[in-house]
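Please keep the sequence and the model in view while reading.

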Amino acid sequence: MEERGSGMEINKYQAEDSVNNNIIMTTVDKMLDFCRSNSLWPVTFGLACCAIEMMAAGGARYDLSRFGFEVFRPSPRQADLMIVAGTVTDKMAPLVKRLYDQMPEPKYVIAMGSCAISGGAFVDSYSVLRGVDKIIPVDVFIPGCPPRPEALIDGFLKLRDKLRGQKAQEVKKDA
C-alpha cells in the first residue's frame with residue numbers, strides 16, 4: 001500500500017490501525033437500543049407541586065440535558081415519555097389517558113411523587129385517583145413528596161437501563 005511519487009507513503013499497518021480505531025461493529029438491535037434509550041423526549045405536562053421539581057431538573061443546576069433527555073415536547077404527538085408529576089384527580093384522569101393515547105409507539109411513563117403513585121396525602125378524598133397505574137401502564141415509579149430533581153434523574157437513568165435491555169421485536173409486540 002505504498003504510493004510512490006506522491007510524496008506520501010502509507011504503511012499497511014498504519015492503515016489497519018486507522019480502520020480499527022474508527023469503525024464500530026454492532027448489531028441493529030444494539031444500535032436501536034442505544035438510540036431509543038438516549039433520546040427520550042418527555043411531554044411537557046405537570047399536575048401539581050412535583051412539576052416544579054421536574055422543571056428544576058431541567059435547569060442549569062441539575063442539567064438533565066447532559067443525559068440526552070432535555071427535549072421537552074409541547075405536544076404528546078412528538079413525545080415518547082410521559083412524566084405524571086402530581087395528584088391525578090378523577091376529573092383529570094380521562095385527560096391524562098387521552099394524552100397517553102395520543103403519544104406514538106413505543107411510549108413510556110414515569111410516575112413522579114407519592115400522589116401520582118398512590119394518591120399521596122389526598123388518597124382519602126373522594127376525587128383523587130389512587131395511582132396513575134390504574135389508567136395507564138407505568139414503567140418507573142419515583143417516590144417522594146415531592147421527589148428531588150436527583151430522584152427524577154435517577155428515574156430517567158433506570159428507564160434508560162430498562163430500554164437498553166429490550167429487543168426491537170419486544171417493542172413491536174408492546175405496541
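## The covered strand β2

Strand β2, which spans residues 108–112, is mostly covered, since 5 of its 5 residues are buried, where buried means under 20% relative accessible area, exposed means over 50% and partly exposed lies in between, with a 1.4 Å probe and protein chains only. Tyr-108, Ile-110 and Met-112 point one way from β2, while Val-109 and Ala-111 point the other way, and all are buried.

This is a predicted model, in which local features need pLDDT of at least 70 and side-chain atom pairs count only at pLDDT 80 or more, whereas totals for chains, interfaces and linings use all residues. Residues are numbered from 1 along each chain as its sequence is written, and side-chain values use heavy atoms, with hydrogens and water left out.

## Partners of β2

Strand β1 (residues 81–85) runs parallel to β2 and is joined to it by 5 bridges, pairing here requiring that DSSP find at least two bridges between two strands. Within this pair, Leu-81 stands opposite Tyr-108 of β2. Between the two strands the chain passes through helix α4 (residues 93–102), and this β-α-β crossover is right-handed, a term that applies if, with the strands pointing away from the viewer, the path from the first strand over the helix to the second runs clockwise.

Strand β3 (residues 140–142) also pairs with β2 in the parallel sense, over 3 bridges, and there Val-140 of β3 stands opposite Ile-110.

## The chain as a whole

The protein chain has 7 helices and 3 strands, which are DSSP runs numbered from the N terminus (helices H or I with at least four residues, strands E with at least two). Read from the N terminus on, the elements follow the order α-α-α-β-α-β-α-β-α-α.

Of the 175 residues, 37% count as buried. Among contacts (heavy atoms within 4.5 Å) with a separation of 6 or more, 77% are accounted for by residues 24 or more positions apart. The chain exposes about 10600 Å², of which carbon and sulfur atoms supply 55%, the areas coming from the Shrake-Rupley method with a 1.4 Å probe and, for residues, only the protein chains shown counting as cover.

## Cysteines

How many disulfides does the rule give? With a disulfide taken as a pair of cysteine sulfur atoms within 2.5 Å, the count comes to 0. Cys-115 is in no disulfide, and the nearest cysteine sulfur, that of Cys-145, is 5.5 Å away. Cys-115 is buried, with a relative accessible area of 9%, whereas Cys-145 counts as exposed at 64% relative accessibility.
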